[in-house]
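Welcome, and please load the model in your viewer.

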Amino acid sequence: MKNSLNHIALALGLFASTQLAAHAGDDVKILLELLLEKGVITQDEFDQKLKLAREKEEIRAFNEAQDIRRANREIDKRAEDERKFKTQIYGQLSAGYYQASNMSSANLDASGMSDQPKGNNRAGLKVSRELNADNTVMVTLESNFSARTGAIGRDAAGYGTANNNTPGATLLDREANVRWISKEYGTFILGRGPTLQNDLSGAFDARQNWNFGGLKPIGRYIGSHSANGVNRADKLFRYISPNWNGFNLDTGVSFGGVPGNDERGTNYYLGGRYKNGNFELGYNHAEVRLGGSSPANTPTSQQAVNNRVDFLAAKYSMEQLTLNTGFIMTRNPSTASGGSFNTFVTNGRVNANTWFAGAVYRFTPTISWNLGYYAVDDRTVQTSINKNNDVQMLATGLTYTPYKDWDFFIDYATARRQAGATGAFTIYDKWGPDTGTPCASSTGTGCSESKSSQTGVSVGAQYKF
């Protein structure tokens with residue numbers, strides 16, 4: 001017995017000293033071979049124990065492989081979750097220099113730093129989660145801001161101040177909504193956000209709806225832009241269909257409602273876009289309640305539709321040239337006063353037909369030229385005080401895009417008015433120029449609007465991030 005124990009001890013010592021322990025199964029085999037060689041175990045015992053050791057090693061290796069697979073699956077799952085969960089900070093900033101005539105109710109010539117001369121400055125956050133290959137949920141938060149004053153939120157573009165003393169001067173004035181994007185069922189948007197009218201105005205304008213000499217100033221004048229419920233809306237439920245042979249249905253409702261009247265202040269629109277090759281067509285019909293006199297400019301205070309917009313536009317693109325044309329019919333069916341757009345006459349009604357056309361030509365991939373013509377025909381019942389509210393505006397410009405995110409531009413715009421016009425218009429999207437005259441946002445007094453012809457030049461740059 002003592003000799004056997006000595007042999008085992010010797011075998012263990014030899015095993016401990018070996019450097020061949022690459023795998024546990026090999027180590028056991030070496031040990032058993034030593035024991036067999038010393039006569040401690042028989043050949044049968046050697047075979048049985050080696051078989052048992054190999055079975056245990058196979059089980060251990062299997063379990064270890066399972067642990068590795070589970071760890072890899074967890075790593076892959078985390079990576080997949082991170083891939084499906086995306087956060088994006090984005091925005092754009094444009095500024096420059098302007099010089100223009102008749103840029104206030106006092107018909108002053110003005111010049112200085114221009115605020116958002118191309119597109120509205122904005123900063124936003126998008127957080128999206130891919131539910132599966134066909135469905136994504138996205139939250140969008142977006143605010144406007146002024147590069148001249150640093151003001152943020154609603155009306156920062158219009159007046160260079162946040163206007164925080166005014167109800168509704170919100171921080172997230174452009175977007176605050178959640179979207180469900182489905183390849184099969186379309187896109188659903190709930191919250192504050194743009195309507196179809198906003199999208200069409202930019203897509204079918206050769207000037208891309210620019211603040212300076214574009215469709216945006218015209219739209220503000222005739223009531224097809226800017227007023228809450230027209231191009232942006234609160235409590236909006238919007239649906240955009242999937243593409244059906246080139247056509248997308250686009251409809252929405254902006255909920256109003258007060259105790260005892262769910263319909264008051266509720267706005268509707270219905271339209272869509274169609275694209276076939278180089279040809280594209282867009283249409284929108286909107287029934288909007290812009291607000292009434294009690295309380296002022298509050299959509300929920302208006303029961304009857306007092307702004308009706310029909311927008312129809314088309315464009316055709318060739319290799320270097322894009323041509324566009326459109327028609328806007330704006331009507332004020334309600335006799336109630338009120339509304340947050342510039343009205344032609346003192347009773348607060350706007351009836352106008354507006355034609356626009358334009359072209360964009362790309363000389364090179366980095367240099368392009370644009371031209372836009374806009375004609376407003378006042379259709380309000382003609383009297384001695386409102387027969388001269390027509391507007392004809394011509395705008396053109398050159399854009400240099402050396403990098404994808406940078407635009408440098410120079411623009412010229414002129415608007416012709418007749419003597420005796422009662423509706424204030426501006427070639428520059430409603431804002432306060434540096435004239436030294438206080439700007440009253442409620443009336444437009446001292447702002448860039450005037451009742452005279454205007455001409456101006458704008459030079460600037462825009463950066464997108």
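Start by selecting His-225, which counts as buried because its relative accessibility is 6%; here, buried means under 20% relative accessible area, exposed over 50%, and partly exposed in between, with a 1.4 Å probe and protein chains only. This histidine sits in the loop between helix 6 (215-222) and strand 7 (232-240). Helices (H or I, at least four residues) and strands (E, at least two) are DSSP runs, numbered from the N terminus. Show the surroundings of His-225 and, leaving out residues up to four places away in sequence, you will find that it touches Asn-198, Asn-209, Lys-216, Gly-219, Arg-220, Val-230 and Asn-231. A contact means heavy atoms within 4.5 Å.

Before going further, a word on what you are looking at. This is a predicted model, in which local features need pLDDT of at least 70 and side-chain atom pairs count only at pLDDT 80 or more, while totals for chains, interfaces and linings use all residues. Residues are numbered from 1 along each chain as its sequence is written, and side-chain values use heavy atoms, with hydrogens and water left out.

**The whole chain**

Zoom out and colour by secondary structure: the chain has six helices and 17 strands. Of its 465 residues, 44% count as buried. Among contacts with a separation of 6 or more, 60% are between residues 24 or more positions apart.

Now select helix 6. Eight of its eight residues are buried, and these buried residues pack against helix 5, strand 11, strand 12, strand 13, strand 14 and strand 15. Step just past the end of helix 6 to Gly-223, which takes a positive phi of about 95°.

Beyond its neighbours within four places in sequence, Phe-425 is in contact with residues including Pro-217, Ile-218, Tyr-221, Val-391 and Met-393.

**Charged pairs**

Side chains of opposite charge can pair when their charged atoms come close. The whole structure has 11 salt bridges, each a side-chain nitrogen of Lys or Arg within 4 Å of a carboxyl oxygen of Asp or Glu.

- Select Arg-174 and Glu-142, whose closest N and O atoms are 2.5 Å apart in a salt bridge. Arg-174 is in the loop between helix 4 (156-159) and strand 5 (175-182), and Glu-142 is in strand 4 (residues 135-144), 32 residues apart. Both are buried.
- Next take Asp-411 and Arg-207, a salt bridge with its closest N and O atoms 2.6 Å apart. Asp-411 lies in strand 16 (residues 406-416) and Arg-207 in the loop between helix 5 (196-203) and helix 6, so the pair ties together parts that are 204 residues apart in sequence. Asp-411 and Arg-207 are buried.
- Finish with Asp-199, Arg-238 and Asp-250, which are linked in a network of salt bridges.

**Open and closed spaces**

Which residues are the closest to the centre of the second largest pocket? Select Ala-206, Gln-208, Val-360, Arg-362 and Ser-368, which belong to its 29 lining residues. The space in this pocket is about 450 Å³.

For a last stop, turn to the largest cavity, with a volume of about 50 Å³. Its lining includes Thr-195, Gly-229, Ala-233, Tyr-268 and Val-288. On a 1 Å grid over the protein atoms alone, a cavity is a set of points where a 1.4 Å probe fits but cannot get out, and a pocket is an open set with protein on both sides within 12 Å along at least five of seven lines; lining residues have an atom within 4 Å of a point. Grid points are joined across faces, edges and corners, and a volume is the space filled by probe spheres set on the points.
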